[in-house]
Amino acid sequence: MTTWVLIRHEFSLLRALWIPLSLCFSMPLLALAFVEGGFSAVVRLKDPDGLVQGVDLAAPGLATMFCLMSLSVTGHLFLGEHAWGTWARMRCIGVRTGQIMLAKLSVALVAYLVLFVSVMGSARLIFDWRMRGPLATFATVVALLGLVTVVFGALACTLCRNQAELNAMTYLGALVMAGLGGALTPFETLPSWAQSIAPLVPTYWSVRAFEAVILGGAGLSEVTVELAALAVFAAVFGTLAYILFDEDERRSTWA
């Protein structure tokens with residue numbers, strides 16, 4: 001019961017941050033207008049019959065990058081508990097740290113899914129985004145990528161003591177992972193050194209899965225390697241966050 005109360009409270013706090021969240025929704029749609037040309041050139045080489053557009057690959061990549069950036073918003077609620085003094089008060093009345101973090105991570109995951117689905121739905125309406133593969137496979141990749149994103153956010157909150165540090169880690173992490181993974185620009189256009197280290201970031205595997213589903217019409221059994229890699233990243237990020245988290249460390253929403 002306590003966890004559900006915390007989740008409802010977290011959603012009420014998140015509604016107050018609708019402006020920065022709306023930017024995370026609108027920016028990938030705006031960016032699509034600039035980058036879809038580069039993706040189209042690569043797609044034409046892979047799909048000469050022209051049934052797939054550049055936007056079909058660019059949209060999920062950009063949605064991923066801005067969902068990663070939105071972690072600075074959901075992470076603000078975690079830092080805010082310390083700045084407002086509610087973190088200590090909740091623990092004093094018997095609310096366990098695990099319950100608080102479960103509520104925050106659950107709401108962050110819902111926010112990610114709503115944001116991602118909204119971007120993709122808008123891309124469908126505005127840019128005629130489409131894919132060849134089954135929706136269930138695409139949804140599985142999105143859900144697992146969402147888990148990776150949320151636990152990366154938990155790790156960021158673990159390592160950062162204020163909003164400035166959190167913003168730096170989430171924005172830089174989003175750009176690095178999106179750039180290396182081929183979410184910001186086609187993977188084939190990256191320099192050789194970037195391609196060689198790309199498997200070290202989760203977006204490389206999510207982009208591979210998206211490409212297989214969107215271009216090749218792949219089913220679930222054909223993206224098991226990519227899904228397993230994403231699961232490993234989720235486990236690693238989650239384990240590090242669990243080991244390094246200090247519930248007594250002082251944090252704030254300012255630098």
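**Largest cavity.** I started with the lining of the largest cavity, which has 13 residues; Thr74, Gly75, Leu105, Ala108 and Cys157 lie nearest its centre. The model is predicted, so I noted the limits: local features need pLDDT of at least 70, side-chain atom pairs count only at pLDDT 80 or more, and totals for chains, interfaces and linings use all residues. Residues are numbered from 1 along each chain as its sequence is written, and side-chain values use heavy atoms, with hydrogens and water left out.

For a cavity I used a 1 Å grid over the protein atoms alone: a set of points where a 1.4 Å probe fits but cannot get out, with lining residues having an atom within 4 Å of a point. Points are joined across faces, edges and corners, and volume is the space filled by probe spheres set on them. The whole structure holds 4 cavities of 30 Å³ or more. The largest has about 150 Å³ of space.

Which helices supply at least two residues each of this lining? I found helix 4 (71-84), helix 6 (97-127) and helix 7. Helices here are DSSP runs (H or I, at least four residues), numbered from the N terminus. By class the lining has 8 nonpolar, 3 polar and 2 charged residues. Ala, Val, Leu, Ile, Met, Phe, Trp, Tyr, Cys and Pro count as nonpolar, Asp, Glu, Lys and Arg as charged, and the others, Gly among them, as polar.

**Helix 4 on helix 7.** I next read the packing angle, about 50°, with the axes 10 Å apart. Axes are lines fitted to C-alpha atoms over the stretch in contact, and angles run from 0 to 180 degrees between N-to-C directions. The two helices are therefore oblique to each other (under 35 degrees is roughly parallel, over 145 roughly antiparallel, 65 to 115 roughly perpendicular, the rest oblique). The crossing is right-handed (near helix turned clockwise from the far one by less than a right angle; left-handed if anticlockwise). Leu71, Gly75 and Phe78 in helix 4 meet Thr149, Phe152, Gly153 and Cys157 in helix 7 (contact: heavy atoms within 4.5 Å).

**Helix 7 on helix 10.** Helix 7 (residues 135-159) and helix 10 (residues 202-214) pack at about 170°, axes 10 Å apart. They are therefore roughly antiparallel. Helix 7 brings residues including Phe138, Val141 and Leu145, and helix 10 brings residues including Ala209, Phe210 and Val213. The contact has 10 nonpolar, 2 polar and no charged residues.

**Helix 10 on helix 11.** Last, I checked helix 11 (residues 224-244): its axis and that of helix 10 come within 9 Å and cross at roughly 155°. The crossing is left-handed. Among the contact residues are Trp205 and Arg208 of helix 10 and Glu226 and Phe233 of helix 11.

Key. 1 Å grid on protein atoms, 1.4 Å probe; cavity = no way out; pocket = protein on both sides within 12 Å on 5 of 7 lines; lining within 4 Å.
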